[in-house]
Amino acid sequence: MAHSFNLASLPSLRKIAAATGLSLGLVLAGCTPTETEASADPRPSVVASSTIIADLTEDIAGETINLTSILRPGDDPHIYEPVPNDIKALEQADLVLYNGFNLEPALIRLLEAGSQDAIHVPVGEAVDALEMDKAGQKQPDPHVWGDVTNAIAMVNAIRDALIDLSPADQAVFIANSQTLNSQLADLDTWISRQIETIPEEQRLLVTTHDAFQYYTTSYDLEMLGTLIGISTEEQPSAQTVQNLVNEIKTRGVPAIFAETTINPQLIKTVAEEAGVELAEQELYSDSIGASGSPGDSYLNMMESNTKTIVEALGGSYTPFIREAPAAADSESATPQAVPAESIAP
Ligand SMILES: [Zn+2]
């Protein structure tokens with residue numbers, strides 16, 4: 001079979017190769033010899049950068065789109081380096097949904113370098129960011145989903161982007177996002193109630209990296225300290241480790257937490273040196289968990305994190321009850337007719 005290759009896209013591939021440090025050979029190796037595979041699916045192609053955005057998008061769009069998630073469960077977005085298949089997915093995408101606020105720097109560089117026709121929407125930037133220090137500079141904190149009301153804003157941004165992409169499926173997107181947002185509103189209230197059960201002087205969070213500022217701010221915990229800052233590229237100094245150990249001892253923190261996307265070795269050492277428990281269940285910080293794990297969706301990861309925190313810090317946990325069934329597939333997503341005036345957010 002003859003290999004058809006679109007030479008017109010070569011300059012953009014060169015640009016991508018230069019911008020990402022990938023060799024051009026590696027970039028080209030990721031291209032399919034024919035375009036038939038991609039064009040076989042008539043649905044719009046949507047690429048999500050993070051597993052959290054992919055999960056929310058799947059709940060809203062069901063089977064109406066062909067959805068690809070660049071990151072897989074457990075991948076660390078801060079240090080993720082794109083592979084040739086990612087470039088292929090981005091080249092074929094009609095819509096790219098990413099977090100923004102520099103959560104996924106290498107992917108954002110790739111998006112900026114490419115000449116893709118796709119619409120790019122930074123859905124995490126739909127919220128007012130909290131600030132963080134990074135290398136002495138104030139930057140927006142990208143971990144916006146830690147506050148469930150921010151996830152509702154992300155759902156609305158995803159819904160609007162999908163409606164622009166595929167107006168014919170508008171009613172499905174609206175019905176599913178209403179179901180999801182109602183569950184998220186319940187989850188938000190439930191988390192507050194759970195955290196309130198922790199004795200006030202023990203509402204102290206110590207994690208590996210600084211992903212929980214939105215969570216602690218919204219749900220009334222104190223972010224006591226982390227080993228590393230906003231981005232996982234950094235390595236903590238011996239002094240940082242010692243200061244954290246001292247702080248944990250001084251404040252009488254009952255337990256500290258590892259994260260699913262980061263090697264737990266150093267936080268284990270901190271727990272040992274401070275003489276505190278390291279919670280057995282790791283927190284889901286920048287990614288949902290693998291299918292079948294306690295945090296295998298955004299709702300499940302927030303529920304699992306809250307259960308882990310509440311139990312380790314001395315609160316009493318009551319399971320989260322979902323009022324409405326998840327409407328993630330096209331059968332259950334068959335919507336009622338939606339009157340035009342209810343379309344506005
Ligand atoms: Zn992070």
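Select helix H12 and colour Tyr 298, Leu 299, Met 301, Met 302, Glu 303, Ser 304, Asn 305, Thr 306, Thr 308, Ile 309, Val 310 and Ala 312, which are its buried residues. Buried means that 20 or more other C-beta atoms lie within 10 Å of a residue's own; exposed means 12 or fewer, partly exposed in between, and C-beta atoms are placed from the backbone. Helices (H or I, at least four residues) and strands (E, at least two) are DSSP runs, numbered from the N terminus.

The model on screen is predicted: local features need pLDDT of at least 70 and side-chain atom pairs count only at pLDDT 80 or more, while totals for chains, interfaces and linings use all residues. Residues are numbered from 1 along each chain as its sequence is written.

**Whole chain**

Zoom out before going on. The protein has 12 helices and 10 strands. Of its 345 residues, 45% count as buried. Two residues are in contact if their C-beta atoms, placed from the backbone, lie within 7 Å. Among contacts between residues at least 6 apart in sequence, 65% join residues at least 24 apart.

**Helix H12**

Return to H12. Its 15 residues reach 21 Å from first C-alpha to last, close to the 21 Å expected at 1.5 Å a residue; the expected span is 1.5 Å times one less than the number of residues. Because 12 of the 15 residues are buried, H12 is largely enclosed by the rest of the structure. What do these buried residues pack against? Show helix H4 (51-61), helix H7 (148-165), H8, strand E7 (204-209), strand E9 (255-256) and strand E10 (277-278). Past the helix, pick Gly 314, which follows H12 and has a positive phi, near 95°.

**H12 against H8**

H8 and H12 (residues 298-312) pack at an angle of about 5°, with their axes 10 Å apart. Axes are lines fitted to C-alpha atoms, for helices over the stretch in contact, and angles run from 0 to 180 degrees between N-to-C directions. The two helices are therefore roughly parallel to each other. Angles under 35 degrees count as roughly parallel, over 145 as roughly antiparallel, 65 to 115 as roughly perpendicular and the rest as oblique.

Show side chains at the contact: on H8, Gln 183, Leu 187, Ile 191, Gln 194 and Ile 195 meet Leu 299, Met 302, Thr 306 and Val 310 on H12. By class, the contact of H8 with H12 holds six nonpolar residues, three polar and no charged. Ala, Val, Leu, Ile, Met, Phe, Trp, Tyr, Cys and Pro count as nonpolar, Asp, Glu, Lys and Arg as charged, and the others, Gly among them, as polar.

**H8 against H4**

Keep H8 and bring in H4. Their axes come within 7 Å and cross at roughly 125°, and H4 and H8 are therefore oblique to each other. Asp 59, Ile 60 and Ala 61 of H4 meet Phe 173, Asn 176, Ser 177 and Leu 180 of H8. Four nonpolar residues, two polar and one charged make up the contact of H4 with H8.

**Strands E7 and E8**

Select E7 next. Six of its six residues are buried, and E7 is mostly covered. E7 pairs with strand E8 (residues 222-228) in the parallel sense over five bridges; two strands pair if DSSP finds at least two bridges between them.

**The four-stranded sheet**

Now show E1 to E4. These strands form an open sheet in the order E2-E1-E3-E4, with parallel pairing. Strand E2 (66-69) and strand E4 (119-122) stand at the edges, each with a single partner strand, so one side of each is left without a neighbour in the sheet. From one strand to the next the twist averages 20°. Strand E1 (residues 45-48) runs parallel to E2 and is joined to it by four bridges. Here Val 47 stands opposite Thr 68 in E2.

Follow the chain out of strand E3 (95-98) towards helix H6 (105-113), and in the loop between them find Phe 101. Phe 101 has a positive phi of about 50° although it is not a glycine. Asn 102 is in this loop between E3 and H6 as well, and its phi, near 65°, is also positive in a residue other than glycine. Are these two buried or partly exposed? Phe 101 counts as buried, with 20 C-beta neighbours inside 10 Å, while Asn 102, with 18, counts as partly exposed.
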